[in-house]
There are 2 protein chains.
Amino acid sequence: MNGAQSLIRTLVDSGVEVCFSNPGTSEMHFVAALDSVPEMRGVLALFEGVVTGAADGYARITGKPAATLLHLGPGLGNGLANLHNTRRAHTPVVNVIGDHATYHKPLDAPLESDIDALTGWLEGWSRRSGHTKDVGADAAAAVAAAQDAPGRIASLILPADASWGEGGETCAPIPPRAPQPVDATTVKAVAEALRSGEPVALLIGGDACHEAGLLATSRIAQATGAKAFTETFPARLERGAGLPNIERLGYLAEQAKYQLDGVRHLIIAGTRAPVSFFAYPGTPSELTPDGAQVHVLATPGQDVTTALGEVAALVAADTEPALQEATRPAVPSGPLTPQNWVDAIGALLPENAVIVDETNTSGLLLPAATAGAPRHDVLTLTGGAIGYGMPVAVGAAVAAPRRPVINLESDGSAMYTISALWTQARENLDVTTVVLNNNAYAILRMELQRVGAAGDGPRAKDLLDLGRPDLDFVKIAEGMGVPATRATTAEELAEQFARAVAEPGPHLIDAAVPPLL
Amino acid sequence: MNGAQSLIRTLVDSGVEVCFSNPGTSEMHFVAALDSVPEMRGVLALFEGVVTGAADGYARITGKPAATLLHLGPGLGNGLANLHNTRRAHTPVVNVIGDHATYHKPLDAPLESDIDALTGWLEGWSRRSGHTKDVGADAAAAVAAAQDAPGRIASLILPADASWGEGGETCAPIPPRAPQPVDATTVKAVAEALRSGEPVALLIGGDACHEAGLLATSRIAQATGAKAFTETFPARLERGAGLPNIERLGYLAEQAKYQLDGVRHLIIAGTRAPVSFFAYPGTPSELTPDGAQVHVLATPGQDVTTALGEVAALVAADTEPALQEATRPAVPSGPLTPQNWVDAIGALLPENAVIVDETNTSGLLLPAATAGAPRHDVLTLTGGAIGYGMPVAVGAAVAAPRRPVINLESDGSAMYTISALWTQARENLDVTTVVLNNNAYAILRMELQRVGAAGDGPRAKDLLDLGRPDLDFVKIAEGMGVPATRATTAEELAEQFARAVAEPGPHLIDAAVPPLL
């Protein structure tokens with residue numbers, strides 16, 4: 001077998017079953033090898049940012065990596081922004097990056113570039129496969145590295161001649177490193193802080209945002225009176241009726257400061273001490289209240305779920321968690337507003353949904369409206385690099401073909417990776433996209449004020465305006481094979497949303513929601 | 001004035017008049033400062049790959065840099081692929097990349113990343129502005145560095161606090177380094193090779209592809225019998241009736257080998273010795289014929305135009321150049337084919353056009369059909385990173401508002417940076433886009449054969465297929481505010497093309513041209 005065949009066979013043996021792909025000439029042997037390993041599903045995307053975002057979404061839902069297939073440095077470059085989000089989500093992803101044949105590289109052909117500089121930027125695991133016989137072993141190492149707790153990006157650079165050479169050897173799966181346990185002293189110290197009688201807040205992230213962590217957190221909060229928050233942008237947050245409803249720490253520093261006001265002990269579990277997203281003149285960037293003591297229960301690489309359970313056993317042995325009741329907003333009516341569009345989603349969210357949330361300013365009221373909806377997952381913009389939503393929805397839908405995927409998407413963000421719609425159509429993915437179309441980079445209008453930027457003239461405002469011409473997402477979606485409708489009232493949104501989730505396959509709703517601010 | 005104001009004022013004083021922008025929060029003071037320096041034109045794009053490609057196209061036409069405004073590492077990441085093409089084109093571009101405030105960086109906020117690693121990948125000039133008072137001087141240095149012969153990417157990383165701080169100082173323009181002269185010995189040695197009586201080929205690139213270089217090259221070829229070629233992918237090639245018609249070296253190694261067959265002396269002027277785009281199993285990558293001697297007349301940083309003139313003075317003092325006669329194909333008819341669509345363009349190309357060519361396989365017959373058309377510029381895909389055409393057309397149209405810009409575009413490449421159409425509509429740019437819609441990555445179908453990939457099964461072919469669903473570029477363009485039509489016959493294409501170039505503003509034609517192969 002050739003190197004490409006040994007690569008795909010080894011990936012499949014290691015549990016990697018999907019390869020999101022945008023290939024070029026240097027990857028043609030990989031593409032050809034797909035026919036010799038039918039267990040690997042190739043999913044084509046029209047842009048590498050869709051490829052990498054889809055791999056992220058797939059892994060957030062399944063907990064295991066997909067592969068990406070990328071064409072040389074520029075192909076990886078196009079995929080970097082969504083990989084930045086992946087890095088912040090601690091999602092396992094295996095990049096396969098085709099490179100020129102080893103003897104071709106020194107010639108500095110037009111597409112030659114320093115791929116290793118780009119994989120270095122990802123701060124994950126990276127290896128260049130030097131010889132055909134090593135490709136299988138390198139692939140098994142990549143899959144293990146991607147899954148070493150807490151999960152990371154593993155990049156395998158594959159020269160064309162390593163791929164096409166004969167003498168490939170498959171490699172058995174390599175077990176990844178499990179999360180490290182938290183020692184008993186740390187657990188005890190946290191329990192003592194919780195019993196101190198002083199105000200305590202618990203900030204959870206990573207795997208603690210899944211059911212077991214949420215239940216332990218709620219028990220701790222109920223027993224001790226501690227406030228509890230999830231990190232601002234969790235990779236995957238389980239929520240809805242029957243689960244504890246743990247509030248997210250606010251994106252705006254003002255919100256977060258209000259939430260943490262008066263806290264004397266801040267317990268960090270599976271995430272890091274909070275900092276503001278951006279700096280603002282004259283405002284501190286660290287959000288831990290002055291004088292508060294920070295207690296790290298578990299870092300992202302540690303077993304946060306077990307540790308929270310142990311803390312709960314010490315401080316909340318007889319306490320039940322507070323579970324969210326099933327409750328929904330009424331189906332709203334009237335012209336669309338920032339409040340009634342979220343009510344429509346809350347009223348009609350189907351069972352077992354995955355919400356891919358890139359609503360930015362438009363979604364400020366979403367968490368309250370969906371808190372008591374049927375149980376669902378929420379995926380969020382972990383790294384702040386916009387254009388994540390549509391690709392992540394592709395990956396989530398490939399990962400969970402029997403779950404409805406709801407992509408709540410801002411207009412500006414949507415345009416970064418809009419061709420994801422074509423992949424949704426091609427693969428007939430059950431994704432309902434609602435574009436909050438306010439014809440503006442609304443978040444930047446707000447930020448222009450918040451940073452205290454001198455002047456606020458017409459030319460500045462013009463650079464934050466997405467109107468002139470207005471984007472027509474119905475036509476754009478139809479042009480890529482996705483049925484689409486436009487909603488200007490809450491009734492229309494509710495009716496179109498209900499129909500879209502009831503029908504299999506992708507749908508898009510262009511919702512004329514005015515800006516919040 | 002604050003740092004942002006000193007930056008924009010210095011850029012304008014140094015001759016930078018346009019800033020292609022996709023800002024975020026860290027760039028808000030730059031955006032606000034636009035109102036205090038009205039000489040700087042801000043042009044908004046919905047994706048950073050459009051921003052960087054537009055800056056490339058602008059500089060290819062004007063010969064001077066535009067600025068880009070990019071948001072942190074992920075924003076630069078999205079712009080890298082087109083900057084790769086810029087690097088290969090030796091185009092001057094000044095990137096302004098906003099970064100977190102200096103005191104915010106160590107906190108590793110969600111959008112934090114190693115921006116310097118990405119600017120390093122560009123292999124140009126890069127500097128981080130440390131203090132507000134230095135921003136102006138750094139900006140002047142960046143503009144000079146970008147224009148140092150032969151032109152490069154200069155990246156200025158601008159921390160938010162350097163931008164918003166008071167105490168900014170403007171800086172006078174710094175003269176860039178002019179092209180280095182070629183010494184007389186080299187000129188004489190080349191003249192001797194041309195007079196050797198052995199078969200000679202002259203391969204020109206860079207500025208030699210403009211009028212003066214082409215005229216000298218033609219005179220040399222006429223006088224000595226040498227073959228003459230331009231590099232395969234010139235940044236800007238002047239051609240058409242009244243200019244010498246110098247053939248481009250073929251993209252396919254087989255073509256190039258045929259063109260250079262039998263050559264004993266290969267003279268390189270303003271480019272590098274030719275290598276194949278990709279490696280193929282069992283095929284050499286260097287295209288210089290075995291046994292041929294390579295003579296470098298001028299490297300890309302040298303004054304190739306003067307050097308060619310000096311060679312011509314030695315070997316062709318009394319020889320006139322061969323000038324292309326004005327001749328056009330007839331307006332064609334019948335269902336669209338790979339031959340007749342290029343005839344329609346050749347028949348109807350307006351005066352003084354700029355052709356942005358990303359036709360890939362569909363355009364193989366284009367040069368012959370347009371050779372005798374009115375004089376025009378052709379911009380090509382210098383670095384091979386697809387998705388360059390639509391953004392470069394934006395920049396070319398901003399640079400030359402009185403010239404018709406014709407973007408001949410492949411379907412697969414178009415989808416990478418499709419939101420460029422919105423900027424074309426917003427700025428009412430005179431761009432006529434013809435999308436060659438063959439529902440396939442046709443070039444990869446060809447490459448799958450050429451690399452000798454084992455197997456050619458249905459799953460491999462599926463990854464090269466852009467049908468299912470077919471892309472409807474009419475709807476996509478209309479969704480972004482660009483009027484569009486569909487052509488399935490040569491008559492329709494000719495009629496629609498003539499109308500589009502006659503009307504101001506952007507137009508798109510979705511042309512159903514079947515694959516060449």
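**Salt bridges, a sheet and an interface**

Modeller: A search of the whole structure finds 49 salt bridges over all chains, a salt bridge being a side-chain nitrogen of Lys or Arg within 4 Å of a carboxyl oxygen of Asp or Glu. This is a predicted model, in which local features need pLDDT of at least 70 and side-chain atom pairs count only at pLDDT 80 or more, while totals for chains, interfaces and linings use all residues. Residues are numbered from 1 along each chain as its sequence is written, chains are lettered from A and ligands numbered from 1 in the order in which they are written, and side-chain values use heavy atoms, with hydrogens and water left out.

Biologist: Which residue forms a salt bridge with Glu238(A)?
Modeller: Arg375(A) does, with the closest N and O atoms 3.0 Å apart. Glu238(A) lies in strand S9 of chain A and Arg375(A) in the loop between helix H13 (366-370) and strand S14, so the pair ties together parts that are 137 residues apart in sequence. Helices (H or I, at least four residues) and strands (E, at least two) are DSSP runs, numbered from the N terminus.

Biologist: Is Glu238(A) buried or exposed?
Modeller: Glu238(A) is buried, with a relative accessible area of 10%, whereas Arg375(A) counts as partly exposed at 34%. Buried means under 20% relative accessible area, exposed over 50%, and partly exposed in between (1.4 Å probe, protein chains only).

Biologist: Which residues are linked with them in a network?
Modeller: The network of salt bridges links Glu211(A), Arg236(A), Glu238(A), Arg375(A), Asp377(A) and Arg403(A).

Biologist: What pairs with S14(A)?
Modeller: Strand S9 (residues 237-239) of chain A runs antiparallel to S14(A) and is joined to it by three bridges, with Arg239(A) opposite His376(A). Strand S13 (residues 354-358) of chain A pairs with S14(A) in the parallel sense, also over three bridges, and Val356(A) stands opposite Leu379(A). Two strands pair if DSSP finds at least two bridges between them.

Biologist: Changing topic, what is the order of the five strands in the open sheet?
Modeller: The order is S10-S8-S7-S11-S12 in chain A, with parallel pairing. S10 (247-248) and S12 (293-298) stand at the edges with a single partner strand each, so one side of each is left without a neighbour in the sheet. Strand S8 (residues 227-230) of chain A pairs with S10(A) over two bridges, and Thr230(A) has Arg248(A) as its bridge partner in S10(A).

Biologist: How many residues of each chain take part in the contact between A and B?
Modeller: The contact takes 103 residues from chain B and 103 residues from chain A, contact meaning heavy atoms within 4.5 Å. The area buried between the chains is about 8,400 Å², of which carbon and sulfur atoms give 64%; buried area is the accessible area (1.4 Å probe) that two parts lose on being put together, summed over both.

Biologist: How many salt bridges cross that interface?
Modeller: The rule finds eight salt bridges between chain B and chain A. Glu478(B) forms a salt bridge with Lys475(A), with the closest N and O atoms 3.2 Å apart.
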